Amino acid sequence: MLLFFFPIALGTIFQQLYNAVDAIIVGKYVGTEALAAVGGTPGVYINFLISVFVGLTGGSAVIIAQLYGAGKHKMLEKATGTAITFCLVLGAVLTITATLLTDPVLRLLGTPEDTMADSATYLRIYFAGTILMLLLNIESGILRAVGDSRSPLIYMIISCVSNIVLDLLFVIQFGLGVAGVAYATVIAEFINTALLTVKLIRTKEPYRITRRGMGLDPGLLRQMLAIGIPAAIQGAIYAVCNMIQQAAVNGLGTQTVAAWVLAGKIDGIYWGISGAGGTTVTTFAGQNFGAGNRERVENTFKTGMKVFVPMTLILCGALLPLGPTILPLFTEDAELIKMTFYMMCFFVPFYVFWTVIEVTTGTLRGCGDVKIPTLITILGIGLFRVIWLATVYRADPCVETVAVTYSISWILTSIAMLIYYHKNKDRILNVVQ
């Protein structure tokens with residue numbers, strides 16, 4: 001698991017690195033308002049759409065992992081073609097929809113007026129590369145589903161280096177501001193996607209991309225959507241909550257929005273590692289479920305807990321002390337640094353509860369069990385946060401009452417998810433002989 005995990009984790013760290021470089025360059029060379037424009041409302045809007053569409057296509061990785069584990073190689077080529085075709089269709093729909101809704105969404109979420117123009121510019125350029133972004137996610141997901149986590153890492157590193165070089169060129173040399181950051185991101189995604197596509201076309205393995213395999217196979221698509229739709233709903237609910245919270249933060253002023261963005265950049269280090277852990281658990285559970293090995297599915301859950309919970313605790317112990325050292329890299333604004341570190345104190349100590357959720361839902365997802373875990377997430381994170389913001393935040397509108405919703409919702413959801421897994425694992429695994 002660790003040999004599979006580390007390339008994914010390293011890839012996400014590189015991804016967070018170039019996200020951080022974006023923030024450093026914008027914060028130091030364009031200004032605090034531009035930093036808020038790139039990472040505030042645009043960030044949660046992008047996350048909402050990506051969460052829905054990546055969730056919708058994410059079922060393909062689980063089905064491919066199960067087919068690969070079961071040794072059904074003849075179906076893998078068609079499964080890959082179905083996943084890619086579905087991704088292209090969704091990408092086209094998302095590009096048009098997201099671009100048309102840019103201005104209304106920015107207004108709806110109360111984007112500060114001094115960041116409105118830059119936010120709109122950034123989003124329109126970013127959404128031009130939507131298909132690339134979705135292909136990147138689904139193609140790297142296919143490779144990881146069959147046990148290849150190294151190729152996506154290599155391509156991610158190349159993409160990250162390209163993005164950093166283009167950021168420096170477009171923003172500092174050409175003075176393109178937030179537009180330059182957006183152009184750099186889209187070009188870097190194109191490079192990454194091109195490398196992944198060539199890899200999947202040239203491979204001789206049964207999961208390759210072929211002209212014969214392209215198209216939508218109804219049976220495979222139904223299986224993928226059976227997992228993808230609940231994941232999309234879960235992602236949408238979670239992202240809507242973040243949008244509501246972003247709207248609350250927007251009401252507290254541009255300085256607070258910028259601090260929230262910076263806290264999110266540091267936060268991203270954990271989310272990248274956590275997501276890598278979840279992908280690892282899902283892949284191992286999916287392949288062993290497909291191979292009919294119940295014992296190894298259960299051991300995937302146990303090993304995931306033994307590995308990723310201590311890893312999270314170590315990360316939490318490192319991030320807070322490093323905060324005052326890292327944050328000055330992004331901005332010279334002392335008040336902004338102080339506010340950002342204060343926000344981090346509400347998130348970092350509670351990451352371990354989300355790790356428990358990742359390992360548990362990853363195991364269940366790999367076995368194709370997604371409906372009840374989705375419902376638990378909707379109630380424990382979505383509904384709870386909405387109620388909290390409508391009551392507690394309304395009574396005391398400050399950044400503390402927004403930030404604390406994360407830790408409380410993680411604790412509640414992790415407890416509920418563990419109870420569900422232990423009470424239902426026999427039923428979930430009874431198909432495994």
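The axes of helix α11 (residues 254–290) and helix α13 (residues 334–347) come within 8 Å and cross at roughly 55°. Axes here are lines fitted to C-alpha atoms, for helices over the stretch in contact, and angles run from 0 to 180 degrees between N-to-C directions. Helices are DSSP runs of H or I with at least four residues, numbered from the N terminus. The model is predicted: local features need pLDDT of at least 70 and side-chain atom pairs count only at pLDDT 80 or more, while totals for chains, interfaces and linings use all residues. Residues are numbered from 1 along each chain as its sequence is written, and side-chain values use heavy atoms, with hydrogens and water left out.

Angles under 35 degrees count as roughly parallel, over 145 as roughly antiparallel, 65 to 115 as roughly perpendicular and the rest as oblique; α11 and α13 are therefore oblique to each other. The crossing of α11 over α13 is right-handed, a term used if the near helix is turned clockwise from the far one by less than a right angle. On the α11 side, the contact (heavy atoms within 4.5 Å) involves Gln255, Thr256, Ala258, Ala259, Trp260, Leu262, Ala263, Ile266 and Asp267, and on the α13 side Glu335, Leu336, Met339, Thr340, Met343, Met344 and Phe347. These residues comprise eleven nonpolar, three polar and two charged. In this division Ala, Val, Leu, Ile, Met, Phe, Trp, Tyr, Cys and Pro count as nonpolar, Asp, Glu, Lys and Arg as charged, and the others, Gly among them, as polar.

Two further helix pairs were examined. Helix α4 (residues 73–100) packs against helix α7 (residues 130–145) at an angle of about 155°, with the axes 8 Å apart; α4 and α7 are therefore roughly antiparallel to each other. Their crossing is right-handed. Residues of α4 including Ala83, Cys87 and Leu94 meet residues of α7, among them Ile131, Leu134 and Ile138. The contact consists of twelve nonpolar, four polar and one charged residues. Helix α15 (residues 371–395) and helix α16 (residues 399–428) also pack at about 155°, with axes 9 Å apart, and are therefore roughly antiparallel. The crossing of α15 and α16 is right-handed, and their contact contains 18 nonpolar, six polar and one charged residues.

Three cavities of 30 Å³ or more were counted. The second largest cavity has a volume of about 70 Å³, and its lining includes Phe5, Ile273, Phe308 and Glu358. Two or more lining residues come from each of α11, α12 (294–326) and α14 (351–366), with α11 giving the most, four residues. By class, this lining has five nonpolar, five polar and one charged residues.

The second largest pocket has a volume of about 160 Å³. Among the residues lining this pocket are Gln66, Phe289, Asp369, Lys371 and Arg427. The pocket lining divides into five nonpolar, two polar and three charged residues.

Terms used
1 Å grid on protein atoms, 1.4 Å probe; cavity = no way out; pocket = protein on both sides within 12 Å on 5 of 7 lines; lining within 4 Å. Points joined across faces, edges and corners; volume = space filled by probe spheres on them.
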